[in-house]
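Dear colleague,

Please find below the structure that I am handing over to you, with its sequence. My notes on what was found in it follow.

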Amino acid sequence: ELHSAPKSIRSEALARDFTCSCVACEAEELTDADKGYLDVDVQFQAELKTCPSQQRIDILQGALKGKVEGVKVNVLGKDAQELRCMLAAAHEELGQLDKAL
């Protein structure tokens, strides 16, 4: 999955101590934010945990469909899996075990 990920994610994941100057890397000048990638980090997860379960479900379902607060976003596969786990936990909190599966 990392081969198709943006340059910043590839560099972070591979912990490179050099700057790649191949044609593909040089062509990627936009940052993740410019491309609209959703950053599913610890801070994002902590903010979601403060929301009521139903609101969290609505936000997570929107994110998995590519929209957060009316803004189109891209979600990487690894982040989509994390969002699905959070969604299942929110359904479980509401006792909706059939939807949590």
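Arg 56 counts as buried, because its relative accessibility is 7%; buried means under 20% relative accessible area, exposed over 50%, and partly exposed in between, with a 1.4 Å probe and protein chains only. Please note that this is a predicted model, in which local features need pLDDT of at least 70 and side-chain atom pairs count only at pLDDT 80 or more, while totals for chains, interfaces and linings use all residues. Residues are numbered from 1 along each chain as its sequence is written, and side-chain values use heavy atoms, with hydrogens and water left out.

Arg 56 belongs to helix α5, which covers residues 53-64. Helices (H or I, at least four residues) and strands (E, at least two) are DSSP runs, numbered from the N terminus. Apart from neighbours within four places in sequence, Arg 56 is in contact (heavy atoms within 4.5 Å) with Leu 48, Lys 49, Cys 51, Ala 90 and Glu 93.

**Overall layout**

The protein chain has seven helices and two strands. Read from the N terminus, its elements follow the order α-α-α-α-α-β-β-α-α. Of the 101 residues in the protein chain, 30% are buried. Among contacts between residues at least 6 apart in sequence, 56% join residues at least 24 apart.

**Salt bridges**

How many salt bridges does the structure hold? There are two, a salt bridge being a side-chain nitrogen of Lys or Arg within 4 Å of a carboxyl oxygen of Asp or Glu. As background, side chains of opposite charge can pair when their charged atoms come close.

Glu 93 is partly exposed, with a relative accessible area of 49%, whereas Arg 56 is buried, at 7%.

Another salt bridge is formed by the side chains of Lys 78 and Asp 79, at 3.3 Å from N to O. Lys 78 counts as partly exposed because its relative accessibility is 48%, while Asp 79 is buried at 7%. Asp 79 is found in helix α6. Leaving out residues up to four places away in sequence, Asp 79 touches Leu 38 and Val 40.

**The nonpolar core**

A nonpolar core is a set of buried Ala, Val, Leu, Ile, Met, Phe, Trp, Tyr and Cys residues joined through side-chain atoms within 4.5 Å. In soluble globular proteins, nonpolar side chains tend to be buried together. The largest core here has 13 residues, of which Leu 38, Phe 44, Leu 60 and Leu 83 touch the most other members. Helices α4 (42-49), α5 and α6 each supply at least two residues of this core, and the largest share, four residues, comes from α6. Phe 44 touches Leu 38, Asp 39 and Leu 83, again not counting residues up to four places away in sequence.

**Helix α6**

The 17 residues of α6 should span 24 Å at 1.5 Å a residue, and its end C-alpha atoms are 25 Å apart, which agrees. The expected span is 1.5 Å times one less than the number of residues.

Which residues of α6 are buried? They are Asp 79, Ala 80, Leu 83, Met 86, Leu 87, Ala 90 and His 91. Seen down the axis of α6, the buried residues fall within an arc of 140°, so they line one face of the helix; the arc is that of the directions from the helix axis to the C-beta atoms. Their cover includes α4, α5 and α7 (97-100). Just after α6, Gly 95 takes a positive phi of about 80°.

**Cysteines and a loop residue**

The structure holds zero disulfides, a disulfide being a pair of cysteine sulfur atoms within 2.5 Å. Cys 51 is buried, with a relative accessible area of 16%, and Cys 85 counts as partly exposed at 43% relative accessibility.

Glu 69 lies in the loop between β1 (67-68) and β2 (71-72). Its phi is near 50°, a positive value in a residue other than glycine. Glu 69 counts as exposed because its relative accessibility is 80%.

Yours sincerely
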